[in-house]
Amino acid sequence: MMEATVTIPPFERFYAEHRDEVYGLLARRLGRQRAEDAFQETFLRALRSYPSLRHGEYLRAWVLTIARNVAVDAFRRERPTAELEEQAELPRRPAYAELEHLTDALPPTERAAVVFRYAYDMPYAAIGAALGSSEDAARQAASAGVRRLRRKETT
Amino acid sequence: MTVPTDLDQRFRDAATREGLVDVAYDLADSPVGELLVAVTDRGLCRIAYRPDDALDEIANDFGVRVLRVPRRVEGVRRELDEYFDGRRREFDLELDLTPVADFHRLALDELARVPYGQVTTYGTLAAKVGRPKAARAIGGAMNRNPIPIVLPCHRVVGAGGALVGYAGGLERKELLLRLEGALL
């Protein structure tokens, strides 16, 4: 008898594996007090798009990117005029080093969308969650990034 | 940096409140060892003697948003405690048997009618579901019973009265039958 098998870990296992690192990142950026709301928001965002994932790889990069964007949102809410240069969290992996290098010149959001989509094979719903936007916005960011890369290549 | 316990708890509660949890579970101590107890919005969906393997099976059957939320399984835990204390003979719980189909489902429905403290045989159950020669298939259905204890597959024995088999191990089957007074 054939049975479908899930390749994504049950959410509890994913949560237990990454919660301390996510909390640490948020506490460093926002202070412990404000990190609490951001922590909850990070894992609720992850939980919402979790069923759309197609595989269980790069989940650490994914959830840390969600956390960074939640932290940026919290920061902007309090200081709307402050300048903030934000880099997506993309750990370097040998197989994708070239793609990451190629995308170095892209704006952070486009770069994250391109790498999550084309190197990590993440669905747009999950990328949207990571970037704090929608599925459509993630799709647009990825295609804008790819167009920008093509222009660079031909000049 | 370790997440504070109360923050961890708040996340689990918020996830539940927002309806983002497919399956809530917790671990419970019992005289037959540690049990994993899991519920969906429809009811109790799993009791497992081997918690680690069960988590993946549950994710497969009901969805990957599986989260440990002790509050959600409190009602089940209370009835189990009463049962193991000898204060409860019937469970009053909604069950979610969505992934169990056809013959296995019929077998479990019939199994649910076997009273506390009594035993029946695989052959008798087979006859009751209208397939008197399917004792072996009944054994398979019992072996894959997703909610042991509450659906009392420990009350099904061989034609000669031998305990025969139990997915949780024969010593557990014997202990449950002794608890119910079916074995001396």
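Buried residues make up 36% of the 184 residues in chain B, a residue being buried if 20 or more other C-beta atoms, placed from the backbone, lie within 10 Å of its own. In chain A, 40% of the 155 residues count as buried. The model is a predicted one, in which local features need pLDDT of at least 70 and side-chain atom pairs count only at pLDDT 80 or more, while totals for chains, interfaces and linings use all residues. Residues are numbered from 1 along each chain as its sequence is written, and chains are lettered from A and ligands numbered from 1 in the order in which they are written.

The secondary structure of chain A comes to six helices and zero strands, helices (H or I, at least four residues) and strands (E, at least two) being DSSP runs numbered from the N terminus. Along the sequence this reads α-α-α-α-α-α. Chain B, in turn, has seven helices and six strands, in the order α-β-β-β-α-β-α-α-β-α-α-β-α.

What of the overall dimensions of chain B? Its C-alpha trace spans about 60 × 35 × 25 Å along the principal axes. The radius of gyration, taken over C-alpha atoms, is 17 Å. Two residues are in contact if their C-beta atoms, placed from the backbone, lie within 7 Å. Among contacts in chain B between residues at least 6 apart in sequence, 57% join residues at least 24 apart; for chain A, the corresponding share is 60%.

Where the chains meet, the contact takes 21 residues from chain B and 22 residues from chain A. On the chain B side, helix H1 (5–17), helix H2 (51–62) and strand E4 (66–68) each supply at least two residues. By class, this side has 13 nonpolar (Ala, Val, Leu, Ile, Met, Phe, Trp, Tyr, Cys and Pro), five charged (Asp, Glu, Lys and Arg) and three polar residues (the others, Gly among them).

At 1.5 Å a residue, the 12 residues of H2(B) should span 16 Å, the expected span being 1.5 Å times one less than the number of residues. The end C-alpha atoms of H2(B) are 16 Å apart, which agrees. Just after H2(B), Gly63(B) takes a positive phi of about 125°.

Definitions and conventions. A residue is buried if 20 or more other C-beta atoms lie within 10 Å of its own, exposed if 12 or fewer, and partly exposed in between; C-beta atoms are placed from the backbone. The radius of gyration is taken over C-alpha atoms; the globule rule is 2.2 Å times the number of residues to the power 0.38.
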